[in-house]
Protein chains: 2
Amino acid sequence: MAEKIFIVEDERPIARLLQLTLEREGFKTANETNGRRAYERILQEKYDLVLLDVMLPEMDGMEICKRVREVSDVPIIMVTARDEVRDKVEGLDLGADDYMTKPFAPEELLARIRGVLRRHNERLRNAEESRYVVKNMILYPERYEVTVKGEKVELTHKEYALLKYLVENKRNVLSRDQILQTVWGYDYIGDTNVVDVYISYLRSKIDDKFGEKYIYTTRGVGYAIRD
Amino acid sequence: MAEKIFIVEDERPIARLLQLTLEREGFKTANETNGRRAYERILQEKYDLVLLDVMLPEMDGMEICKRVREVSDVPIIMVTARDEVRDKVEGLDLGADDYMTKPFAPEELLARIRGVLRRHNERLRNAEESRYVVKNMILYPERYEVTVKGEKVELTHKEYALLKYLVENKRNVLSRDQILQTVWGYDYIGDTNVVDVYISYLRSKIDDKFGEKYIYTTRGVGYAIRD
DNA sequence: CGAATTTTTTAACAAAATTTTAATTCTTGC
DNA sequence: GCAAGAATTAAAATTTTGTTAAAAAATTCG
């Protein structure tokens with residue numbers, strides 16, 4: 001249950017102060033002083049929260065925040081020096097969950113951490129944040145969002161529904177009739193080629209655009225999505 | 001509840017006097033005579049207030065104050081010899097919360113300590129409130145208040161409730177029906193476009209006014225707020 | 001209490017985006 | 001090489017959304 005907090009801060013005394021404050025309250029901590037290494041560790045290791053200083057060697061906190069947010073939901077609290085108003089504003093711009101300005105009281109730090117963790121857990125419970133993965137494609141049902149190689153793909157409602165149906169049945173070939181029934185809600189076997197048209201749309205937005213084959217045709221039968 | 005006060009003073013008789021005065025009033029105390037060690041202890045141990053003499057071996061009080069203030073909010077009262085006016089002024093510039101000139105009456109000491117502690121507690125209460133952050137927008141649930149780029153946004157009750165629901169579910173697309181249920185309390189699927197109208201109101205007060213996109217439409221599905 | 005103000009809801013229309021149709025071109029397997 | 005199935009494309013049809021104004025409801029204030 002002890003949450004693991006990643007402290008990214010290059011000034012040793014401050015890092016120590018943060019570490020002591022947090023460990024005294026029962027959190028586990030890890031430290032990193034270098035920006036680029038911090039970015040790598042956030043992606044590879046599993047932390048419950050990141051305390052991120054803005055000023056860092058090699059890669060600054062804002063850049064880290066932005067890049068991490070492209071792939072991860074890990075809670076981030078930005079830490080900025082007093083009166084660095086520009087930093088504050090930019091930092092928030094990039095998707096941090098909260099921010100603190102130095103100097104701060106330990107109580108404030110703890111209150112903010114608990115607040116961010118609580119809200120994050122509530123969100124997890126409510127949304128059951130699930131995802132489907134095929135190759136470099138990730139489909140997030142609650143967000144109605146699809147990314148390929150970290151880049152968001154803009155889909156219409158029908159395109160999304162069709163892709164979701166394929167992805168939910170990864171590797172299975174689905175007939176046009178099955179698809180019409182499930183995605184379009186037709187209960188008769190229609191004389192239409194909408195499915196073909198929409199498969200074509202999806203391919204142009206995904207397969208063609210990213211140069212990888214996701215959607216396969218099985219002649220005389222239907223379509224399937226595969227790794 | 002007994003506050004712990006850190007006495008940094010290299011003249012033993014004065015330190016003893018301070019200690020006695022404070023302990024008689026129910027405060028806990030700790031002592032330190034060396035400047036550099038005092039600095040380290042302030043960062044590592046947890047004190048509710050620091051009484052800091054200006055003249056100290058190895059690192060003077062002003063330097064300590066300045067360095068501590070880079071990270072910590074701990075209340076500091078500077079203690080200076082009589083008529084060292086320059087010191088007095090500089091001490092305040094460096095972030096001390098109050099100052100006293102020697103010699104002083106015990107009553108004055110206690111009054112200043114209580115004053116500083118009271119103000120600090122007020123500050124803490126204000127700082128500990130939770131907040132939801134999206135880009136440059138901050139929503140303070142307890143205050144019923146929303147700011148963008150530090151500027152307050154005037155919202156009606158329904159506008160605020162809708163925005164809060166979106167922000168609580170940052171990144172997730174919420175359908176009009178979900179919104180109607182949660183924000184309007186409708187339990188039937190209404191034939192109404194109030195949600196659209198209120199989204200439009202919010203956009204004119206936030207997105208349009210501040211020239212940043214907060215509220216996104218997912219056609220055929222609903223709305224989401226995103227960084 | 002009642003007038004004035006503010007907020008909420010309804011309704012209508014224009015604009016924009018999506019979906020469907022349908023005609024044409026391209027592929028595949030025999 | 002040919003025929004059936006599949007892919008593509010553009011235009012037409014439909015749906016959805018954004019915005020406004022006015023009506024209705026709620027709230028404030030003297």
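User: What distance makes the side chain of Thr192(A) and a phosphate oxygen of DNA strand C a polar contact?

Analyst: An N or O atom in that side chain is 3.2 Å from the phosphate oxygen. A polar contact is a pair of N or O atoms within 3.5 Å (within protein, one must be able to donate a hydrogen and the other to accept it, and residues adjacent in sequence count only if both atoms are side-chain atoms), so this pair qualifies. Please keep in mind that this is a predicted model, in which local features need pLDDT of at least 70, side-chain atom pairs count only at pLDDT 80 or more, and totals for chains, interfaces and linings use all residues. Residues are numbered from 1 along each chain as its sequence is written, chains are lettered from A and ligands numbered from 1 in the order in which they are written, and side-chain values use heavy atoms, leaving out hydrogens and water.

User: Which side chains reach a base of DNA strand C?

Analyst: Among them are Asn193(A), with a polar side-chain atom 3.3 Å from a base nitrogen, and Tyr201(A), with a side-chain N or O atom 3.3 Å from a base oxygen.

User: How many residues surround DNA strand C, and what makes a residue count as near?

Analyst: There are 24, and the closest are Thr156(A), Trp184(A), Thr156(B), Trp184(B) and Tyr198(B). A residue is near when one of its heavy atoms lies within 4 Å of the strand.

User: Why is Ile179(A) called buried?

Analyst: Its relative accessible area is 0%. Buried means under 20%, exposed over 50% and partly exposed in between (1.4 Å probe, protein chains only), so Ile179(A) is buried. Beyond residues up to four places away in sequence, Ile179(A) touches Leu162(A), Tyr165(A), Leu174(A), Trp184(A), Val195(A) and Tyr223(A); touching, or contact, means heavy atoms within 4.5 Å.

User: Is Thr218(B) buried or exposed, and what does it touch?

Analyst: Thr218(B) has a relative accessible area of 17%, so it counts as buried. Leaving out residues up to four places away in sequence, Thr218(B) touches Tyr144(A) and Val173(B).

User: What is the class of Tyr144(A), and where does it sit?

Analyst: At 31% relative accessible area, Tyr144(A) is partly exposed. Tyr144(A) is in the loop between β7 (137-140) and β8 (145-148) of chain A.

User: What is the phi of Tyr144(A), and why remark on it?

Analyst: Tyr144(A) has a positive phi of about 55° although it is not a glycine. Most residues other than glycine have a negative phi, and most peptide bonds are trans. Arg171(B) also has a positive phi, of about 80°, and is not a glycine. The peptide bond from Lys102(A) to Pro103(A) is cis, with omega near 0°.

User: How do you know how much area chain B and chain A bury?

Analyst: The computed value is about 3200 Å², with 49% of it on carbon and sulfur atoms. Buried area is the accessible area (1.4 Å probe) that two parts lose on being put together, summed over both, so the value covers both chains. Val71(B), Arg131(B) and Arg171(B) supply 21% of what chain B buries against chain A, more than any other three residues. In the contact between the chains, 35 residues of chain B meet 37 of chain A.

User: Which residues touch the most other members of the largest nonpolar core?

Analyst: Leu22(A), Leu51(A), Ile113(A), Leu52(B) and Ile64(B) do, in a core of 40 residues. A nonpolar core is a set of buried Ala, Val, Leu, Ile, Met, Phe, Trp, Tyr and Cys residues joined through side-chain atoms within 4.5 Å.

How values were computed: Helices (H or I, at least four residues) and strands (E, at least two) are DSSP runs, numbered from the N terminus.
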